[in-house]
Amino acid sequence: MNMKSKKPATEPDHIRDTLTNVVSVVGETRKAVKTIDHKVDEVKSDIAELKAEVAEVKSDVAELKVDIVEIKNEQVETRKDIARLELLIRQLIPNANN
């Protein structure tokens, strides 16, 4: 068997093989980048939806705070009304018990 039966790789063969490997790696990298970009877009979309939901909840909370203030004011007025009625009852019925 002759040791020289196999041709030694020539410079053009070496360059071709190297470029083939580079193209393969670049193709895989581009595919990975596209996948990552898609996932990033999905996350951005999810974040936008969550921000909208948070804004809605904040708005609801603000409305509830206004409602609470109104209820407290109504409660104060109701207590005043009760006190006036109790006074009126005591004036009209001197022996009335609380």
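Ile89 sits in helix H1. The model is predicted. The protein holds 1 helix and 0 strands. Helix H1 covers residues 11–92. Of the 98 residues, 0% count as buried. The salt bridges number 5.

**Overall surface**

- The protein exposes about 9,600 Å². Carbon and sulfur atoms supply 61% of that area.

**Nonpolar patch**

- Leu85, Leu88, Ile89, Leu92 and Ile93 make a nonpolar surface patch. Its area is about 490 Å².
- Ile89, one of these residues, belongs to helix H1. Is Ile89 exposed, partly exposed or buried? Ile89 has a relative accessible area of 45%, so it counts as partly exposed. Patch residues must have over 30% relative accessible area, and Ile89 has 45%.

**Negative patch**

- A negative surface patch brings together Asp37, Asp41, Glu42, Asp46, Glu49, Glu53, Glu56, Asp60, Glu63, Asp67, Glu70 and Glu74.
- Glu56, one of its members, lies in helix H1. Its relative accessibility is 52%. Exposed means over 50%, so Glu56 counts as exposed.

**Salt bridge at Arg84**

- Which residue does Arg84 pair with in a salt bridge? The partner is Asp81, with N and O 2.4 Å apart.
- Arg84 and Asp81 are 3 residues apart in helix H1, which means about one helical turn separates them.
- Arg84 is partly exposed, at 47% relative accessibility. Asp81 is also partly exposed, at 38%.

**Salt-bridge network at Arg16**

- Asp13, Arg16 and Asp17 form one network, joined by salt bridges that share partners.
- Another bridge links Arg16 to Asp17, whose closest N and O atoms are 3.2 Å apart.
- How exposed is Arg16? Arg16 is partly exposed, with a relative accessibility of 47%.
- Its two partners are partly exposed too: Asp13 has a relative accessible area of 29%, and Asp17 has 38%.
- Why can such pairs form? Side chains of opposite charge can pair when their charged atoms come close.

- Ile89 is partly exposed, whereas Glu56 is exposed.

Key
Residues are numbered from 1 along each chain as its sequence is written. This is a predicted model: local features need pLDDT of at least 70, side-chain atom pairs count only at pLDDT 80 or more; totals for chains, interfaces and linings use all residues. Side-chain values use heavy atoms; hydrogens and water are left out. A salt bridge is a side-chain nitrogen of Lys or Arg within 4 Å of a carboxyl oxygen of Asp or Glu. Helices (H or I, at least four residues) and strands (E, at least two) are DSSP runs, numbered from the N terminus. Buried means under 20% relative accessible area, exposed over 50%, partly exposed in between (1.4 Å probe, protein chains only). Patches are made of residues with over 30% relative accessible area and no salt bridge: like charges are joined within 9 Å, nonpolar side chains (Val, Leu, Ile, Met, Phe, Trp, Tyr) within 5 Å. Accessible areas come from the Shrake-Rupley method with a 1.4 Å probe; for residues, only the protein chains shown count as cover. Lys and Arg count as positive and Asp and Glu as negative; His and the chain ends are not counted. The place of a charge is taken as NZ of Lys, CZ of Arg, CG of Asp or CD of Glu.
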